[in-house]
Amino acid sequence: MTDASSHGPHSSGDRSSFGFRDVDAREKVKMVRGVFDSVASSYDVMNDLMSVGVHRLWKDAAAAKLNPRPGETILDVAGGTGDMARRYAKMARAAQERRGGEDASVIVLDYNAEMILAGVHKGGEPEMSWSVGDAMKLPLPDASVDAYSISFGIRNVAHIDKALAEARRVLKPGGRFLCLEFSRPTTGPIRAAYDAWSFHAIPRIGGWVAKDRDSYQYLVESIRRFPDQAAFKALIEDAGFKRVSVTNLSGGIAAIHHGWAI
């Protein structure tokens, strides 16, 4: 990450950021699909290597913040191989065993069919279902889900504002929004150490393990281009969410943004 001055708009008009480049928004959709087609089979292993396993703790914290409940319909957008959805399903079932209620329904939606297939192959929970779809045009009716989450995915959409508007549209009144995403480290030393690790180590690891340095170079650049905590909080509020909060993780390397559809 970098200082706030480098965080320009993620997209404008029909342009959108693809790493450090600005491209046609429609072209970005194709390019991101290509990235995840390439990395799908090694995605989970790479997550462990890139974060030294810490992403699991971040995901646990995000799932606890969402607090899945029996009988809820939970939509996990950019759900990839189902890491978050499995957590939601197990937590809702544990709550159901304690206090009763209906089964939860956890919908994993991802734009990339290869990621969904990798998740199906990995195995799911009884509450989970899998779907291919676009975060900017969700295949669900208005006010149809109790909770919406997106983890490490919103920086890859062509227009963040459209994805947030869709999240607001499909949530029921009183529904919960949660986004777990890489963010801006809160101190200079953490920022310097993270920049050194991400720009030098992660693309090399991607080249060794996934045989795809370029895709991981894009992922690192996309993190640096993403709005910082305050700027992203403002975008969520602009989409109509209330009581938006930010929880920094690992000194701001990642952050949970949470809001309510009120």
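## Loop residues with positive phi

F152 sits in the loop that runs between β7 (145–151) and α6; helices (H or I, at least four residues) and strands (E, at least two) are DSSP runs, numbered from the N terminus. The model is a predicted one, in which local features need pLDDT of at least 70 and side-chain atom pairs count only at pLDDT 80 or more, while totals for chains, interfaces and linings use all residues. Residues are numbered from 1 along each chain as its sequence is written, and side-chain values use heavy atoms, with hydrogens and water left out.

Most residues other than glycine have a negative phi. F152 is not a glycine, yet its phi is positive, at about 55°. With a relative accessible area of 9%, F152 is buried (under 20% relative accessible area; exposed is over 50% and partly exposed in between, with a 1.4 Å probe and protein chains only). N67, also not a glycine, has a positive phi of about 55°. N67 counts as partly exposed, at 37% relative accessibility.

## One face of α6

Helix α6 spans residues 160–170, and its buried residues include I160, A163, L164, E166, A167 and V170. Viewed down the axis of α6, the buried residues fall within an arc of 160°, so they line one face of the helix; the arc is that of the directions from the helix axis to the C-beta atoms.

## Packing of α3 and α4

Helix α3 (residues 54–66) packs against helix α4 (residues 83–99) at an angle of about 45°, and the axes are 10 Å apart. Axes are lines fitted to C-alpha atoms, for helices over the stretch in contact, and angles run from 0 to 180 degrees between N-to-C directions. The angle makes α3 oblique to α4 (under 35 degrees is roughly parallel, over 145 roughly antiparallel, 65 to 115 roughly perpendicular, and the rest oblique).

On the α3 side, the contact (heavy atoms within 4.5 Å) is made by H55, R56, K59, D60, A62, A63, A64 and L66, and on the α4 side by D83, M84, R87, Y88 and M91.

## Packing of α7 and α8

Helix α7 (residues 188–209) and helix α8 (residues 213–225) have axes that come within 7 Å and cross at roughly 155°. The two helices are therefore roughly antiparallel to each other.

Residues Y194, D195, S198, F199, I202, P203, R204, G206 and G207 of α7 meet R213, Y216, Q217, V220, E221, I223 and R224 of α8.
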